[in-house]
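This report concerns a predicted model. Please examine the sequence and structure shown here before reading on.

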Amino acid sequence: MRTRRAATAGKLTVVLATLVLVVTGCGGGPSPRVWAASVCQALTPWRAEISKLTSSTQQQMTAQTTPPQAKENLVRLFAGAEQASETARRKVEEAGVPEAERGEEVSAGFLGSLSKMRDAYGRARDTVDRLDTAQAGPFYDGVRAAVDTLNKEYDASALDTSKLNSTELKEAFDEVPECR
């Protein structure tokens, strides 16, 4: 009876191991073209949203509003940019790791860059949210400082593609229609 159970457990282990390999695609990731298309599909709406939010932030900085109104609007805008960045990061993560030379490094670079951008927007949101709105001058000085810091952090988080060079992925990004 014991050997029968051991044999059954052994068969079950083999079946489960096979199932895991089938579900995970035998350890291989998506092709460079599939991965590039997924990444571009994640980044295109993100870029549009960030552009829209940046424009709205600039309008808010020059609008004739009270400090409490400006604070509410800026906090909402920065929260939207933070969420858009997280959504893009999650979609790039869901794209997996491309089956390409340096694919893991390239994927990690995209994820790291989007994480840093998300965090920069979150810090800007938190900074503006903590500002006192009792006096307009100090409030707007604080907003300018928060936006300056955001711009520096945003620039520093940009993906340095020269360090993530993969011929296969570069060609894929140049060829897939989603990236045009």
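The sections below treat a helix pair, a disulfide and an arginine in turn.

## Packing of α2 and α3

Helix α2 spans residues 32–62, and helix α3 covers residues 67–94. The two helices pack with their axes 9 Å apart, at an angle of about 170°. Because angles over 145 degrees count as roughly antiparallel, α2 and α3 are described as roughly antiparallel to each other. The residues of this contact comprise 16 nonpolar, seven polar and two charged.

## The disulfide

The model has one disulfide. Cys40 is joined to Cys179, with an S to S distance of 1.9 Å. The torsion about the S-S bond of this pair is about 100°, so the disulfide is right-handed. Cys40 belongs to helix α2, whereas Cys179 lies in the segment after α6 (167–175), so the bond ties together parts that are 139 residues apart in sequence.

The two cysteines also have their accessibility assigned. Cys40 has a relative accessible area of 9% and is therefore buried. Cys179, at 24% relative accessibility, counts as partly exposed.

## Arg89 in helix α3

Arg89 is found in helix α3. With a relative accessible area of 13%, Arg89 falls under the 20% cut-off and is therefore buried.

The side chain of Arg89 makes a polar contact of 2.8 Å with the side chain of Glu86. Leaving aside neighbours within four places in sequence, Arg89 is in contact with Leu111, Leu114, Ser115 and Arg118.

Notes
Residues numbered from 1 in each chain as written. Predicted model: local features only at pLDDT ≥ 70, side-chain atom pairs only at ≥ 80, totals over all residues. Heavy atoms only, no water. Helix = DSSP H or I, 4+ residues; strand = E, 2+ residues; numbered from the N terminus. Buried < 20%, exposed > 50% of the residue type's maximum accessible area, 1.4 Å probe, protein only. Polar contact = N/O pair within 3.5 Å; in protein donor to acceptor, adjacent residues only side chain to side chain. Contact = heavy atoms within 4.5 Å. Axes fitted to C-alpha atoms, helices over the stretch in contact; angles between N-to-C directions. Parallel < 35°, antiparallel > 145°, perpendicular 65-115°, else oblique. Nonpolar A, V, L, I, M, F, W, Y, C, P; charged D, E, K, R; others polar. Disulfide = S-S within 2.5 Å.
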